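The stops below go from the whole chain to single residues.

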Amino acid sequence: MSWVFLFLGVIAEAMSHVALKQTDGFTRLLPSIVVLLGHLAAFVFLGQAMKGMPVGIVHAMWAGLAVVTVTLLSTLVYKQHLDLSTWLGMALVAIGIAMINLSQGHSH
């Protein structure tokens, strides 16, 4: 179940970060509420994930997956153009996440 909470935390965090652009410096109410609730939800989900997984693994996976997810969502939502080196960096992050996931270091 920890993995489900981790992925829910990543989704909440990524949606919150993508919505942050729409807050216009927190001057627009609805996007600001989405950002605040998204961050709150992310921390609640991560706290639940940490019940069954080590803190370092949860944090590393959350951060890496959030970076990749925010980048992908920003490309879709805001039509942001990213060059080849950026996508290569994203691939390296994804490979790093896979290596963490496949390692024996995340078991209790």
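Colour by secondary structure: along the sequence the protein reads α-α-α-α, with four helices and zero strands. Helices (H or I, at least four residues) and strands (E, at least two) are DSSP runs, numbered from the N terminus. This is a predicted model, in which local features need pLDDT of at least 70, side-chain atom pairs count only at pLDDT 80 or more, and totals for chains, interfaces and linings use all residues. Residues are numbered from 1 along each chain as its sequence is written, and side-chain values use heavy atoms, with hydrogens and water left out.

Next, show the C-alpha trace, which spans about 45 × 35 × 15 Å along its principal axes. Of the 108 residues, 31% are buried (buried means under 20% relative accessible area, exposed over 50%, partly exposed in between; 1.4 Å probe, protein chains only).

Select Ser 32, in helix H2 (residues 29–49). Is Ser 32 buried or exposed? Ser 32 counts as buried because its relative accessibility is 8%. Now display Thr 23, Phe 26 and Thr 27: Ser 32 is in contact with these, leaving aside its neighbours within four places in sequence (contact means heavy atoms within 4.5 Å).

Move to Met 1, in the segment before helix H1 (2–20). Met 1 has a relative accessible area of 69%, so Met 1 is exposed.
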